[in-house]
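Dear colleague,

I am passing on the structure below, together with notes on what was found in it. Please read the notes with the structure open beside them.

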Amino acid sequence: MSYTELGEGKKRTRNIREKTNRIAAQMGDMGTREDFIRFCSAMRRQSQGTRLNEGYELRVSWSPEELSRDSPEDIQRACEYGYALCKEVAPNAPCWVTVHTDGEGGCVHVHATIANHDLVSGTAIAHGTDHATVKRKNDRLSREMGFTVVGPEPAREPTTWAERKGQFGIESFERVLGNRVADARDHASNMEEFLEELKVRSVELTETRKVDEKTGEETVGWSYKSRDPYGKSRRKRRRRASNLADDLTREGIEAYFEAKQRELEEQEQDAPAPEVLPDVPETAEPAEQPSADSALDVYDLDRAYVSEMASDLQKAHIHRSRDKGESFMDEHYQQIVEARNHPDEQLAKLREDVDAARREFYASKEARDTMQHPCPGLLAGMHVFAKAGRDARDPVSRMMADMTALMLRMMIQEALAEEARRQREEAERRVYESRKSMWDAEKRLKAAEKALSDEDERETKAHAKTMRARYVRARSASPSAPRSADKDTQFDE
């Protein structure tokens with residue numbers, strides 16, 4: 001701990017003389033470094049010689065291309081990683097993490113010290129401190145946090161972002177960044193357009209080149225940097241392309257554009273020869289249709305919905321007829337019964353009406369104006385279902401189209417309720433985690449207070465024992481004189 005604070009040799013002498021230190025960042029489970037040191041010493045002393053170690057130290061280093069010593073964000077990220085690794089190795093043991101940036105290689109590295117005491121069991125750390133176990137946990141945690149792992153990667157099939165994005169949370173930075181990069185690639189035809197699309201999506205591309213000193217082979221790696229929209233400080237963060245997916249690396253992007261170019265060339269070769277037509281006056285080109293990739297196009301109906309809607313319509317028709325004092329056995333009622341008994345026919349008919357309304361909507365100027373709205377999917381769905389209900393040929397289709405629009409509204413309400421529930425659960429989870437952290441902190445504080453109290457008691461007893469020994473030695477060196485006969489005096493003069 002003294003080395004991590006002051007260094008050694010001339011560096012230590014200079015830091016002591018100038019009252020400085022080499023700590024770039026630090027964090028731990030005690031109030032100060034001194035409290036952590038006293039706790040480790042006290043726990044080993046209380047074991048009465050059964051423990052050989054006061055603690056364990058883990059050292060983790062990153063290359064300058066991955067974490068920069070000039071970036072406060074990278075330094076804080078290294079500190080947080082060291083603390084997380086300590087909790088992976090010994091979840092119930094106090095720890096203290098120190099970050100250095102003054103190494104000869106210019107690498108950001110951490111010294112993570114773990115006390116050899118489990119606060120839950122009250123014993124020493126039983127297992128998990130051997131090299132193989134620590135390496136395995138470090139490699140897994142590094143991959144999860146987007147860091148490079150030293151050594152050969154296990155053989156695996158090339159991954160795609162479509163397969164990998166499901167492994168990340170919806171609001172995780174990795175998923176947001178990967179979606180932006182994949183979207184930029186899909187909207188580009190070559191590398192130049194890809195770089196422009198990245199800029200539009202506020203994604204920075206960094207290219208790192210390395211040359212093998214033995215073979216002279218040059219390798220090029222990509223990393224993406226963007227602002228985290230769900231982070232606490234909305235700061236910019238970086239991830240290596242290979243940690244997102246193989247098809248988002250430099251090789252994957254180049255292969256994507258090469259395959260796209262070959263596909264275009266094949267289409268041009270297979271295309272029939274153009275037919276010679278007589279000269280005709282030029283007309284205005286048709287407007288480009290909006291993208292079909294929207295909630296409107298993936299929305300579909302099911303025959304169960306039709307049966308449920310027909311049953312509800314039947315009940316509503318009966319109640320409305322009775323309120324008017326009329327017989328409900330009319331043509332409309334027969335049509336509703338027919339729809340309930342044969343939902344497949346009515347479903348096909350309703351789908352035809354909706355598809356026709358969708359095609360008409362896409363061909364209109366109203367579609368282009370709607371697609372420019374910040375929420376085009378919902379507005380487009382409202383337009384289409386309204387048009388389908390207005391253009392239906394019979395009352396049953398109109399009512400079913402209205403019920404379809406109502407069902408869409410209910411789905412939106414359920415989605416909003418689900419989002420509110422998710423946010424409430426997330427807030428409850430954060431409260432629980434904060435309470436758990438508070439309870440853990442109280443446990444650690446009580447353990448530390450007990451250790452310090454025991455240490456003070458031990459020092460008091462040791463001091464009393466030393467004073468008694470001194471008194472005994474003093475008595476043996478100068479024996480006392482006999483008592484006087486005079487009861488008023490205790491010693492002879």
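**Salt bridges**

Glu425 and Arg421 are joined through their side chains by a salt bridge with an N to O distance of 2.3 Å, where a salt bridge is a side-chain nitrogen of Lys or Arg within 4 Å of a carboxyl oxygen of Asp or Glu. Both residues belong to helix H17 (residues 395–477) and lie four residues apart, about one turn of the helix; helices (H or I, at least four residues) and strands (E, at least two) are DSSP runs, numbered from the N terminus. Glu425 is partly exposed, at 40% relative accessible area, and Arg421 is partly exposed as well, at 28%, given that buried means under 20% relative accessible area, exposed over 50%, and partly exposed in between (1.4 Å probe, protein chains only).

Before going further, please note that this is a predicted model, in which local features need pLDDT of at least 70 and side-chain atom pairs count only at pLDDT 80 or more, while totals for chains, interfaces and linings use all residues. Residues are numbered from 1 along each chain as its sequence is written, and side-chain values use heavy atoms, with hydrogens and water left out.

The structure holds 22 salt bridges. One of them pairs Asp102 with Lys11, with 3.5 Å between the closest N and O atoms, and this pair links distant parts of the chain, 91 residues apart, since Asp102 sits in the loop between E3 and E4 and Lys11 in helix H2 (residues 9–18). Asp102 is partly exposed at 30% relative accessible area, and Lys11 is partly exposed at 26%. Another salt bridge brings together the side chains of Asp228 and Arg237 at 3.0 Å, N to O; here Asp228 is buried, with a relative accessible area of 5%, whereas Arg237 is partly exposed at 22%.

**Nonpolar cores and a surface patch**

The largest nonpolar core has 25 residues, of which Leu58, Trp62, Tyr81, Leu85, Val99, Val110 and Ile114 touch the most other members; such a core is a set of buried Ala, Val, Leu, Ile, Met, Phe, Trp, Tyr and Cys residues joined through side-chain atoms within 4.5 Å. Two or more residues of this core come from each of strand E2 (55–61), helix H4 (72–89), strand E3 (95–100), strand E4 (109–115) and helix H5 (131–144), and the largest share, seven residues, is given by H4. Beyond its neighbours within four places in sequence, Trp62 is in contact with Leu67, Ala78, Tyr81, Cys107, Val108, His109, Val110 and Phe147, contact meaning heavy atoms within 4.5 Å. A second, separate core has 20 residues, including Phe173, Phe194, Leu244 and Phe257.

On the surface, Tyr432, Met438 and Trp439 form a nonpolar patch with about 350 Å² of accessible area together, and Tyr432 is placed in helix H17. Patches are made of residues with over 30% relative accessible area and no salt bridge, like charges being joined within 9 Å and nonpolar side chains (Val, Leu, Ile, Met, Phe, Trp, Tyr) within 5 Å.

**The chain as a whole**

The chain has 17 helices and seven strands, and buried residues make up 32% of its 493 residues. Of the contacts between residues at least 6 apart in sequence, 61% join residues at least 24 apart.

With best regards

Definitions and conventions: Areas by Shrake-Rupley, 256 points an atom, 1.4 Å probe, with all protein chains shown as cover.
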